[in-house]
Amino acid sequence: MNSPEHVNEPAESRVRTTTTPQHSTAENADVLTRRRWSRIRPIVFWATTIVIVAELTAGSVWNLLTIEWVEVQLHHLGYPHFLAYILGVWQAAAAVAILTPGLPLIKEWAYAGALFLWSGAVASHLSVGDGLESWWVPLMFGICAVASWASRPADRRLPQTGLHRTRAADTGRDQVAGPPEIRARAWIAPVGFLVVLCAVSYLTLPAVEDAMHEQAVELGWIDD
């Protein structure tokens, strides 16, 4: 039998008592999910960031040197020749902004510019009737740019936006990360990596031009 105290206990209290374990289980599952994402997010961020930075760097070298593939593609899409130099300069700037520490506002512009670049490439190829073989590559890079932007750590986000908030895995409370302390040596690895990418892009140009020439012939953009 129920004790008098239990019989007289308010219904709200009994409901609260029975539902508390369920809420606790849901909160624990939420914390575990956030912990898993906190482990996966750095991998997603750096994998996609390296992909888009490498493409931006290589694209900058190709455009500034205006290799045959660039000239053929611009002519095929109906763009003027000088656009290659404009794209080359801004691709190099975007690669530096995205990879190096700090500069959160410039990073936002760089990500937006990269997305405009690759989505514009997809739209351009579609407008002239090109098939999937021509625009799946810029589409892939555009997706990587969005993934890199979405998974970037708090010290690469604007502090005045909600995106700058991080979730503490142990408490589940919102915390706002303070302004990061950027030291000069933090630039050494990113700048060194960019220099290596530029060197590799330049040294591999002969092989790249041969491969791109064959692809342009297969696509029917030029005659062999």
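Where does T66 lie? T66 sits in the loop between α2 and α3 (68-77), with helices (H or I, at least four residues) taken as DSSP runs and numbered from the N terminus. The model is a predicted one, so local features need pLDDT of at least 70 and side-chain atom pairs count only at pLDDT 80 or more, while totals for chains, interfaces and linings use all residues. Residues are numbered from 1 along each chain as its sequence is written, and side-chain values use heavy atoms, with hydrogens and water left out.

The phi of T66 is near 50 degrees, a positive value in a residue other than glycine. Most residues other than glycine have a negative phi. With a relative accessible area of 10%, T66 is buried (buried means under 20% relative accessible area, exposed over 50% and partly exposed in between, using a 1.4 Å probe and protein chains only). A positive phi turns up at L103 too, near 55 degrees, and L103 is found in the loop between α4 and α5. L103 has 36% relative accessibility, so it counts as partly exposed.

Next come the two helices on either side of L103's loop. Two packed helices are described by the angle between their axes and the distance between the axes. Here, the axes of α4 (residues 83-99) and α5 (residues 104-127) come within 9 Å and cross at roughly 135 degrees. These axes are lines fitted to C-alpha atoms over the stretch in contact, and angles run from 0 to 180 degrees between N-to-C directions. α4 and α5 are therefore oblique to each other; under 35 degrees would count as roughly parallel, over 145 as roughly antiparallel, and 65 to 115 as roughly perpendicular, with the rest oblique. On the α4 side, the contact (heavy atoms within 4.5 Å) is made by L87, Q91, A94, A97 and I98. From α5 come I106, K107, A110, Y111 and L117. Sorted by type, the contact residues are 8 nonpolar, 1 polar and 1 charged (Ala, Val, Leu, Ile, Met, Phe, Trp, Tyr, Cys and Pro count as nonpolar, Asp, Glu, Lys and Arg as charged, and the others, Gly among them, as polar).

T57 belongs to helix α2 (residues 11-65). At 4% relative accessibility, T57 counts as buried. Neighbours within four places in sequence aside, T57 is in contact with A95, L194, L197, C198 and S201. One of these, C198, is partly exposed at 38% relative accessibility, whereas C144 is buried at 15%. As for disulfides (pairs of cysteine sulfur atoms within 2.5 Å), the count comes to 0.
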